Amino acid sequence: PGEAFLIVSGYNCLPDTNQVMFIAAGEPYVIYAESTIDDVNGNDNGQIDFGESIMLDLSMENVGEQLADDVNAIITSTSEWVTINDDSEPYGNIDVDETVMKYQAFAFDVAANIPDQTEIPFQLSANDGNSEWNSEFSLIANAPLLVSSEIIIDDSESGDGNGIIDVGETFTINIEVSNQGH
């Protein structure tokens with residue numbers, strides 16, 4: 001089992017490179033299929049937002065040619081923006097071409113200062129006691145992105161009204177701010 005690159009090229013054409021996964025014949029091979037965000041402890045919008053505690057629903061699929069018996073999975077992340085609180089989940093038996101979803105399988109906290117649209121990489125390791133299968137996936141986090149567009153100094157009431165802060169004046173500073181985050 002492993003991965004290789006398939007490069008397709010032709011005369012007067014740009015080459016196209018694709019990654020191809022090879023698996024051993026006659027054995028199980030379990031991979032990441034999909035995930036769903038459960039943020040019921042946050043704003044419950046189904047998205048990863050700054051400062052939230054996330055429960056991850058995750059499904060795995062057996063693309064091999066044999067039953068994967070007593071499968072257990074562990075997730076990790078190299079991201080500085082997440083802390084994984086629940087990293088393991090038993091999946092039981094996964095038959096050939098079967099996809100098994102586990103709800104609230106994993107849990108992690110998102111940092112309050114995560115930048116908007118940060119891609120959080122995860123590694124998924126599944127094993128059945130005999131073989132280990134590794135998959136990778138990533139999720140996107142949302143956060144505010146505050147941008148100031150205009151600063152206005154109002155010194156018209158107790159100043160000379162020229163929009164410049166002078167000694168002895170009382171003034172108001174108006175700052176227009178917009179959230180360009182997600």
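Reader: Which residues have the most contacts inside the largest nonpolar core?

Author: Keep in mind that this is a predicted model. Its largest nonpolar core has 33 residues. Within that core, the residues with the most contacts are Met60 and Tyr91.

Reader: Which strand gives the most to this core?

Author: Several strands each supply at least two residues of the core, including strand 3 (30-38), strand 5 (53-62) and strand 11 (132-142). Strand 6 (68-76) and strand 8 (88-94) are also among them. The top contribution is 5 residues, and it comes from strand 9.

Reader: How are the rings of tyrosine 32 and phenylalanine 137 arranged, and is the pair stacked or edge-to-face?

Author: The structure holds 3 aromatic pairs. In this one, the ring centres of tyrosine 32 and phenylalanine 137 are 4.3 Å apart. Planes under 30 degrees apart count as stacked. These planes are at 0 degrees, so the pair is stacked.

Reader: How many residues apart in sequence are the parts that this pair ties together?

Author: Both tyrosine 32 and phenylalanine 137 are buried. Tyrosine 32 lies in strand 3 and phenylalanine 137 in strand 11. The pair therefore ties together parts whose separation in sequence is 105 residues.

Reader: Is phenylalanine 122 buried or exposed?

Author: The ring of phenylalanine 122 pairs with that of phenylalanine 137, with centres 5.2 Å apart and planes at 15 degrees, so this pair is stacked too. Phenylalanine 122 sits in strand 10 and phenylalanine 137 in strand 11, 15 residues apart. Under 20% relative accessible area means buried. Phenylalanine 122 has 1%, so it counts as buried.

Reader: Which residues do ring pairs link into a cluster?

Author: Phenylalanine 137 pairs with tyrosine 32 and with phenylalanine 122. The cluster takes in one further residue, Phe108. Its members are Tyr32, Phe108, Phe122 and Phe137.

Reader: Which are the edge strands of the open sheet of 5 strands?

Author: The sheet has the order 4-11-10-6-8, with mixed pairing. Inside it, strand 6 and strand 10 pair in the antiparallel sense over 5 bridges. Threonine 76 stands opposite glutamine 123 in strand 10. Two strands pair on one side only, and these edge strands are strand 4 (48-49) and strand 8.

Reader: Is the protein chain more spread out than a compact globule, or less?

Author: The protein chain has 0 helices and 13 strands. Its radius of gyration is 26 Å, while the globule rule gives 16 Å for 182 residues. The C-alpha trace spans about 85 × 55 × 25 Å along its principal axes. The radius is well over the rule's value, so the chain is more spread out.

Reader: How far apart in space are asparagine 113 and proline 144, C-alpha to C-alpha?

Author: Asparagine 113 is in the loop between strand 9 (99-110) and strand 10 (118-127). At 55% relative accessibility, asparagine 113 counts as exposed. Proline 144 is 31 residues from asparagine 113 in sequence. In space, C-alpha to C-alpha, they are apart by 9.3 Å.

Conventions: Residues are numbered from 1 along each chain as its sequence is written. This is a predicted model: local features need pLDDT of at least 70, side-chain atom pairs count only at pLDDT 80 or more; totals for chains, interfaces and linings use all residues. Side-chain values use heavy atoms; hydrogens and water are left out. Helices (H or I, at least four residues) and strands (E, at least two) are DSSP runs, numbered from the N terminus. Buried means under 20% relative accessible area, exposed over 50%, partly exposed in between (1.4 Å probe, protein chains only). The radius of gyration is taken over C-alpha atoms; the globule rule is 2.2 Å times the number of residues to the power 0.38. A nonpolar core is a set of buried Ala, Val, Leu, Ile, Met, Phe, Trp, Tyr and Cys residues joined through side-chain atoms within 4.5 Å. Rings of Phe, Tyr and Trp (its six-membered ring) pair if their centres lie within 6.5 Å; planes under 30 degrees apart count as stacked, over 60 as edge-to-face and the rest as tilted. Two strands pair if DSSP finds at least two bridges between them.
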